[in-house]
Amino acid sequence: MDPFRLDGKRAVVTGAGKGIGRGIAVQMARAGADLVVASRTREDLESLAEEIGPLGRKVSIFECDVTDPDQISQLAAFSTKSDPLDIWVNNAGGLPDATPRYLTKTTEDRWDAQIDLNLKAVFIACQAAANCIDEGAIINISSSSAKAQGNLKNGPYGASKAAVNSLTQTFALELSPKIRVNAVA
């Protein structure tokens with residue numbers, strides 16, 4: 001038996017429209033999972049659904065800005081309206097304005113944007129996922145930028161991802177043994 005098969009499983013992937021999230025969604029579909037894919041951009045989600053279609057998996061799309069807690073709640077409700085959920089991948093994240101930042105030069109609004117996208121959204125989504133999954137897994141995408149040595153020119157991002165690692169460990173303690181919670185960097 002292939003331990004990496006996901007036949008009969010349903011998964012949510014946030015930030016699925018592009019990059020790592022898109023790759024995660026495609027690979028989960030190849031492994032047999034049905035998916036709810038979420039992103040801010042409908043066109044990216046429609047393109048992803050077309051790519052997954054030939055793999056024979058069910059895919060539903062949901063436009064979602066993960067920095068809006070109401071939209072995360074709507075995603076959770078949408079994801080569970082017809083079938084139970086087994087896996088939730090918190091992939092959405094990044095640099096809100098794609099500008100590397102020294103901590104000493106980071107304005108409060110840029111700090112808040114980074115924390116809202118990379119930490120607060122993961123926190124709210126972990127809570128939502130915990131209420132949607134009876135037994136399964138929550139996977140938070142972190143980064144090697146969270147390493148203990150610090151992150152020159154990317155301090156806010158590294159700090160937010162280090163906090164995701166801590167958040168993940170605490171959710172893992174609270175939700176075990178029925179829900180595994182892991183971070184992947």
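Asn90 is found in strand E4 and counts as buried, because its relative accessibility is 4%; buried means under 20% relative accessible area, exposed over 50%, and partly exposed in between (1.4 Å probe, protein chains only). The structure is a predicted model, in which local features need pLDDT of at least 70 and side-chain atom pairs count only at pLDDT 80 or more, whereas totals for chains, interfaces and linings use all residues. Residues are numbered from 1 along each chain as its sequence is written, and side-chain values use heavy atoms, with hydrogens and water left out. The side chains of Asn90 and Asn140 are joined by a polar contact of 2.8 Å (a pair of N or O atoms within 3.5 Å; within protein, one must be able to donate a hydrogen and the other to accept it, and residues adjacent in sequence count only if both atoms are side-chain atoms). Not counting residues up to four places away in sequence, Asn90 also touches residues including Thr14, Val122 and Ile138, contact being defined as heavy atoms within 4.5 Å.

Six strands form an open sheet with parallel pairing, in the order E3-E2-E1-E4-E5-E6. Helices (H or I, at least four residues) and strands (E, at least two) are DSSP runs, numbered from the N terminus, and two strands pair if DSSP finds at least two bridges between them. Strand E1 (residues 10–14) is joined to strand E4 (residues 85–90) by three bridges, and Val13 stands opposite Val89 in E4.

In helix H2 (residues 42–52), the buried residues are Asp44, Leu45, Leu48, Ala49 and Ile52. Seen down the axis of H2, these residues fall within an arc of 140°, so they line one face of the helix; the arc is that of the directions from the helix axis to the C-beta atoms. The face turned away from the buried side of H2 carries the exposed residues Glu43 and Glu50. Helix H1 (19–30), strand E2 (34–39) and strand E3 (59–63) are the elements against which the buried residues of H2 pack.

The largest nonpolar core has 31 residues, of which Val66, Leu75, Trp88, Ile133 and Ile138 touch the most other members. A nonpolar core is a set of buried Ala, Val, Leu, Ile, Met, Phe, Trp, Tyr and Cys residues joined through side-chain atoms within 4.5 Å. Helix H4 supplies the largest share of this core, eleven residues. Another core, of 21 residues, lies apart from it and has Met28, Val37, Ile61 and Val89 among its members.
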